[in-house]
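Dear colleague,

I am passing on the structure shown here, and below it you will find notes on what turned up when it was examined. Please keep it open beside you while you read.

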Amino acid sequence: MKRTGAGILVIAAVIGAVCGFILDTALAAMGRPTFSPAASLPTVLILLGAVIVALAVPIARATRGRVTRRIDPFRALRVAMLAKASSLVGAAATGFGGGLLSFLLTRPVTPSVGSMGSIIATVVCGVVLVVAGLVAEQLCTIRKDDDDEQPGLPGADAAPR
């Protein structure tokens with residue numbers, strides 16, 4: 001599994017921003033109120049980040065030798081994949097909120113404070129989820145062994161007898 005790169009996070013944020021801006025544009029064109037995320041969305045994003053880091057800490061302790069209890073490698077892989085997915089979701093949520101915010105700020109009418117607060121909270125909590133996902137992904141990685149650069153089995157390069 002490759003680590004989450006900045007490029008894919010930027011792409012997810014840009015796609016989210018475009019979707020948020022287009023959604024608000026379409027709603028305004030139809031004469032409907034613009035989209036404002038629910039107040040519970042930032043809370044859910046923060047809780048998801050906390051849960052992911054909490055799931056990754058025991059794996060980090062086991063891989064660094066601080067705990068003698070064995071960790072199931074499939075569980076570690078699942079937590080690492082959840083961390084990767086959460087960083088992507090956080091980037092998309094940040095971009096979506098940024099798109100909504102950019103639409104509201106480019107209008108000649110001043111938006112209401114309530115809708116702006118919810119959107120800004122979504123952007124900030126999306127960034128927190130990205131950071132939590134990247135930290136959890138880092139906690140789920142194992143150190144590279146000295147012999148990992150040499151392909152093949154031990155003693156495979158010896159001449160056959």
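**Aromatic pairs and their surroundings**

A search of the whole structure finds 2 aromatic pairs, where the rings of Phe, Tyr and Trp (its six-membered ring) count as a pair if their centres lie within 6.5 Å, and where planes under 30 degrees apart are called stacked, over 60 edge-to-face and the rest tilted. One of them is formed by Phe21 and Phe103, whose ring centres are 5.6 Å apart and whose planes stand at 75 degrees, so this pair is edge-to-face. It joins distant parts of the chain, since Phe21 belongs to helix H1 and Phe103 to helix H3, 82 residues apart; helices here are DSSP runs of H or I with at least four residues, numbered from the N terminus.

A word on the model itself: it is a predicted one, in which local features need pLDDT of at least 70 and side-chain atom pairs count only at pLDDT 80 or more, while totals for chains, interfaces and linings use all residues. Residues are numbered from 1 along each chain as its sequence is written, and side-chain values use heavy atoms, with hydrogens and water left out.

Are the two partners buried or exposed? Phe103 is buried, with a relative accessible area of 4%, whereas Phe21, at 31% relative accessibility, counts as partly exposed; buried means under 20% relative accessible area, exposed over 50%, and partly exposed in between (1.4 Å probe, protein chains only).

The rings of Phe35 and Phe96 have centres 5.8 Å apart and planes at 75 degrees, so they too make an edge-to-face pair. Here Phe35 lies in the loop between H1 and helix H2 (40-63), and Phe96 is in helix H3, 61 residues apart. Phe35 is partly exposed at 34% relative accessibility, and Phe96 is partly exposed at 24%.

Within helix H3, which covers residues 73-105, Phe96 touches Gly16, Ala17, Cys19, Gly20, Leu23 and Phe35, leaving aside residues up to four places away in sequence, and contact means heavy atoms within 4.5 Å. The C-alpha atoms of Phe96 and Gly16 are separated by 4.1 Å, although these residues are 80 apart along the chain.

As for helix H1 (residues 6-29), its buried residues are Leu9, Ala12, Gly16, Gly20, Asp24 and Leu27. Just after H1, Gly31 takes a positive phi of about 80 degrees.

Terms used: Helices (H or I, at least four residues) and strands (E, at least two) are DSSP runs, numbered from the N terminus. The expected span of a helix is 1.5 Å times one less than its number of residues.
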